[in-house]
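Here are my notes on this model, point by point. Please read them with the structure open.

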Amino acid sequence: MNFMNFENILVASTNGLATIIINRPQKLNALNRRTIHELSTAFESLEDDTTINVILITGSGEKAFVAGADISEFANFNGQEAEELARLGQESLFNRIENLSTPVIALINGFALGGGLELAMACHFRIASDTAKMGLPEVSLGVIPGYGGTQRLPQLVGKGKAMELIMTANMISAEEAKQWGLVNYVVSSDELMPLAEKLASKIMRNSSVAISAAIRAVNDNFKDGVDGFKTEIHEFGNCFESDDFKEGTTAFLEKRKPNFPGK
Ligand code: COA
């Protein structure tokens, strides 16, 4: 993998764990077009890399995860340009992350606003530092969330809470976000990466084939016109054809820990 051309993100990997850091701290890691393109490229490469089993994404510095889409870039757009911006972002990045076969965890280390919260919500699950603040303030700018926020927030927290957060443009604390079910854990800033690594190492002990199948089945619960139960039956059957399944069941019967080949 060649990440040398990235200007706005840093990507590192060790022992099957990749970390993406959005690195525009002077703009609170706001998502401009280049950053979205770089993130999309990085996720595509990391998904193709069979040595990577979990991906973490966070923001550089202690202040922000991502403070939103870069407002300076779209302030002069007309309706058609804005539609194109939202469509391109959703297709190239946000939907890609949600449907990635490799698990993605968001480490919300500060402000996650607008496109920043939408980015975190596209990840498979979220953990936050106790300094994090989350919100979808778009209506305070005269616009609505355009990177999936109106769809994923109600999925995660229910319609009433989502309506309230969007209409008020309020920011909620990490603790409130946890009560709402938006983040799974809240820890101090120092503990955020160690917690992510601990969760990642637990995930990595399991079958990556089965985990990818589970991601597809869970996601199909939220797709229009798709019967997630049917997906589950199909994916359940597929797992039986994998070397991981043979290893997992054999190891259990032999009373030893499995060593999954990941295929
Ligand atoms: N787009 C573009 N630039 C942004 C940005 C965004 N979404 N969020 C922050 N920035 C920039 C600021 O313009 C400022 O740049 P400058 O130093 O060149 O003037 C820099 O990041 C630091 O932000 P600043 O506002 O000075 O920090 P603060 O501590 O006073 O406030 C926030 C922090 C998060 C409350 C504030 O930056 C904010 O409200 N950001 C926009 C949030 C938003 O509405 N996001 C949704 C977009 S759809």
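1. **Nonpolar cores.** A nonpolar core here means a set of buried Ala, Val, Leu, Ile, Met, Phe, Trp, Tyr and Cys residues joined through side-chain atoms within 4.5 Å. Note that this is a predicted model. Its largest nonpolar core has 49 residues. Within that core, Leu-39, Phe-43, Ile-57, Leu-119 and Met-134 touch the most other members. There is also a second, separate core of 14 residues. Leu-17, Leu-56, Leu-192 and Ala-196 are among its members. As a general point, nonpolar side chains in soluble globular proteins tend to be buried together.

2. **Met-134.** Which residues does Met-134 contact, leaving aside its neighbours within four places in sequence? Ile-108, Ala-112, Leu-113, Leu-117 and Ala-128 are among them. The list also includes Asn-170, Met-171, Ile-172, Ala-174 and Ala-177. Leu-182 and Val-183 are in contact with Met-134 as well.

3. **Overall fold.** The protein has eleven helices and ten strands. Along the principal axes, the C-alpha atoms fill a box of roughly 60 × 40 × 35 Å.

4. Of the 263 residues, 44% count as buried. Take the contacts with a separation of 6 or more: residues 24 or more positions apart account for 68% of them.

5. **Surface and charge.** The protein exposes about 13800 Å². Carbon and sulfur atoms supply 53% of that area. There are 24 positive and 33 negative side chains. The centres of these two sets lie 4 Å apart.

6. **Pro-103.** This residue is in the loop between α3 (79–98) and β5 (104–108). Is Pro-103 buried or exposed? Its relative accessibility is 9%, so Pro-103 counts as buried. Beyond its neighbours within four places in sequence, Pro-103 is in contact with Asn-53, Val-54 and Ile-55, among others. Its contacts also include His-124, Ile-203, Ile-211 and Ile-215. Ala-122 is 19 residues from Pro-103 along the chain, and their C-alpha atoms are separated by 11 Å.

7. **Asn-8.** Asn-8 lies in the segment before β1 (9–14). With 8% relative accessibility, Asn-8 counts as buried. Not counting residues up to four places away in sequence, Asn-8 touches Ile-21, Ile-22, Asn-23 and Arg-24, among others. Asn-32, Arg-34, Thr-35 and Glu-38 also touch Asn-8.

8. **Positive phi at two asparagines.** Most residues other than glycine have a negative phi. Two cases here deserve a check. Asn-15 is not a glycine, yet has a positive phi of about 45°. Asn-15 sits in the loop between β1 and β2 (17–22). At 75% relative accessibility, Asn-15 counts as exposed. Asn-29 has a positive phi too, near 60°. Asn-29 is in the loop between β2 and α1 (33–48). The relative accessibility of Asn-29 is 0%, and Asn-29 counts as buried.

9. **Gly-181 and Phe-222.** Both are loop residues. Gly-181 lies between α7 (174–180) and β10 (185–187). Its relative accessibility of 35% makes Gly-181 partly exposed. Phe-222 is placed between α9 (208–220) and α10 (228–239). Phe-222 is partly exposed, with a relative accessible area of 41%. Phe-222 and Arg-152 are 70 residues apart in sequence, and their C-alpha atoms are 9.3 Å apart.

10. **Ile-71.** Ile-71 belongs to helix α2 (residues 71–74). Its relative accessible area is 42%, so Ile-71 is partly exposed. How far apart are the C-alpha atoms of Ile-71 and Phe-229? They are separated by 41 Å, and the two residues are 158 residues apart along the chain.

Technical notes:
Residues numbered from 1 in each chain as written. Predicted model: local features only at pLDDT ≥ 70, side-chain atom pairs only at ≥ 80, totals over all residues. Heavy atoms only, no water. Buried < 20%, exposed > 50% of the residue type's maximum accessible area, 1.4 Å probe, protein only. Contact = heavy atoms within 4.5 Å. Helix = DSSP H or I, 4+ residues; strand = E, 2+ residues; numbered from the N terminus. Areas by Shrake-Rupley, 256 points an atom, 1.4 Å probe, with all protein chains shown as cover. Lys, Arg positive; Asp, Glu negative; His and termini not counted. Charge placed at Lys NZ, Arg CZ, Asp CG, Glu CD.
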